[in-house]
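This report walks through a protein structure, from overall figures down to single residues. Please keep the sequence and the model side by side as you read.

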Amino acid sequence: MTTNGKRLVYADNAATTAVLPEVLEAILPCYKENYGNPSSLYSIGTRAQETINSARETVASLLGAQQNEIYFTGSGTESDNWAVKCTAQMMAKSGKRHIITSKFEHHAVLHACMALEKEGFEVTYLDVYENGIVRPAELEAAIREDTALVTIMYANNEIGTIQPISEIGAICKKHGVLFHTDAIQAVGKLHINVKEQNIDMLSVSAHKLHGPKGVGALYIRNGVRLPNFIDGGAQERNRRGGTENVAGIVGLAKAMEIACMGIDKNTERLTKLHNRLIDEILKIERSRLNGDRDLRVPQNASFCFEGVEGESLLLYLDMEGISASSGSACTSGSLDPSHVLLSLGLPHAVAHGSLRLSFSDETTDEDIDYIIRVLPGIVERIRKMSPLWDAIQRGKIDKDYNIIYD
Amino acid sequence: MAYSEKVMEHFANPRNVGEIENPDGVGEVGNPTCGDIMRMYIKVDGDKISDVKFMTFGCGAAIATSSMATELIKGKTIDDALKLTNRAVMEALDGLPAVKVHCSVLAEQAIKSAVSDYYKRRGIDPTPIVGEIPEAEHGHCAV
């Protein structure tokens, strides 16, 4: 893409994506014609209800679920909160107050778990090790009599590593423990079948797959009597109050349909781009790829460059027309770099120099070429003025990258 | 969070980047764990700072404040340089986002640290003149 002759490369698709023209086209009639309240009896209302029903069927079939197992929500975060907090609430009645999750979940799950800890729940945060993958044997060993829920993300939002969801599903089934997965970075990128993979609850978000913002879904397996998270009217079969975001729901279904139908084609194409990018970028001295080299979605490549601070890297990239993100403290609005990067065992000083490039079906060969051409020069420019890089080159750092002063 | 145009201009074209060979004073503040390190070199001629250069590992604000601070003290007397406050650096940059104020503090400290080193090299105890400066320390991040 170019604007005023300047190349623009949007490489932050894990943050959000552009709405596809087909999706926008599907959404517009919901505002212009079928704007009626889906709970009403007149035709513009019933037509709105029909579009929701049809969207529900689409989403269900793409996940291998039944249509009455899909509930639309206001966001992926809401879906995660509903699954985690309300499962805890439900299971606490039978004395089960233990939750198993991982150290590098999205904040929607992590902070929900922390909120439960304050209410007396016990949470086990599994290690993800250097490669960013939960070990199923450790997860099984952590299951106790009073375990209420296992919640492990499908693919990590910052580093793209894919978790062994089928194995975890089988373990949870064997032990009779409910299993939720935040699949927000996996839906439309990986083939998912909730029945075959023994998933009890699964969170979806529309805007990560070229759908609109402000809409998500939660799959809840029939038989799981999850209490409501949002009380209100009779919408979503009495389980999620609030007048339906009809346009959002239609957009979610349309975007998900396009994404899921294109998984094989996109995976093949993006894997090639992704591998080329990684091979080229890792030629930069003292750079590293975050997370497993192979068990990752090809839409995500996360790197660290020693001696470089992430925010300045992003700002210089933006000046060259590349939009990306970083897990440095300066971009997270806190003092610490991202919990995901720290969970891989990276020293703070290295985690500050992270760069996440995330792609979509719209990413082209030329985009990747451009990044490969521009990025090394920016890293070099930053390193030239970095006293940390100077110390690294002189061997004057300890194992935590603190500078050794003579 | 958005930076002012002035911050972006100094970040895009930082002034006085680099090292000074045979400097009269070098100061370094911040630490890698927190993600900010500023190193400042000064050359002193009589009581004037005749040259100043910096190297910074840090965010856009860290680089911009380093650049602005060097501009503000270049050619000034040591006394004037020591009077430079973080607030003056911020004002010269048309402000900083609240979470970035610490970068301007670091810039002020970097200057003081370089001047301290200058006095130390001349066998003069800098503390009564410059005051206490937090050394580049490990594992503690200032907001």
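## Chain B: surface and size

Chain B exposes about 6100 Å². Carbon and sulfur atoms supply 48% of that area. Accessible areas come from the Shrake-Rupley method with a 1.4 Å probe, and for residues only the protein chains shown count as cover. This is a predicted model, in which local features need pLDDT of at least 70 and side-chain atom pairs count only at pLDDT 80 or more, while totals for chains, interfaces and linings use all residues. Residues are numbered from 1 along each chain as its sequence is written, chains are lettered from A and ligands numbered from 1 in the order written, and side-chain values use heavy atoms, without hydrogens and water.

Of the 143 residues of chain B, 59% are buried (under 20% relative accessible area; exposed is over 50%, partly exposed in between; 1.4 Å probe, protein chains only). Along the principal axes, the C-alpha atoms fill a box of roughly 45 × 30 × 25 Å.

## Chain B: fold

Chain B has six helices and three strands. Helices (H or I, at least four residues) and strands (E, at least two) are DSSP runs, numbered from the N terminus. Their order along the sequence is α-β-β-β-α-α-α-α-α. The radius of gyration is 14 Å, close to the 15 Å that the globule rule gives for 143 residues, so chain B is as compact as a globular protein of that length. That radius is taken over C-alpha atoms; the rule is 2.2 Å times the number of residues to the power 0.38.

Among contacts in chain B with a separation of 6 or more, 61% join residues 24 or more positions apart. Contact means heavy atoms within 4.5 Å.

## Helix H6 of chain A

Which residues of H6(A) are buried? In this helix, residues 165–175, they are Ile165(A), Ile168(A), Gly169(A), Ile171(A) and Cys172(A). They cover an arc of only 165° around the axis, which puts them on the same side of H6(A). The arc is that of the directions from the helix axis to the C-beta atoms. Lys173(A) and Lys174(A) are exposed on the other side.

The buried residues of H6(A) pack against helix H5 (136–142), strand E7 (147–151) and strand E8 (178–182) of chain A. Just after H6(A), Gly176(A) has a positive phi of about 65°.

## Nonpolar cores

The largest nonpolar core has 78 residues; Leu139(A), Leu202(A) and Met256(A) touch the most other members. Helix H8 (residues 246–261) of chain A gives the largest share, ten residues. Such a core is a set of buried Ala, Val, Leu, Ile, Met, Phe, Trp, Tyr and Cys residues joined through side-chain atoms within 4.5 Å. Another core, of 73 residues, lies apart from it and includes Leu317(A), Ile378(A), Leu96(B) and Cys103(B).
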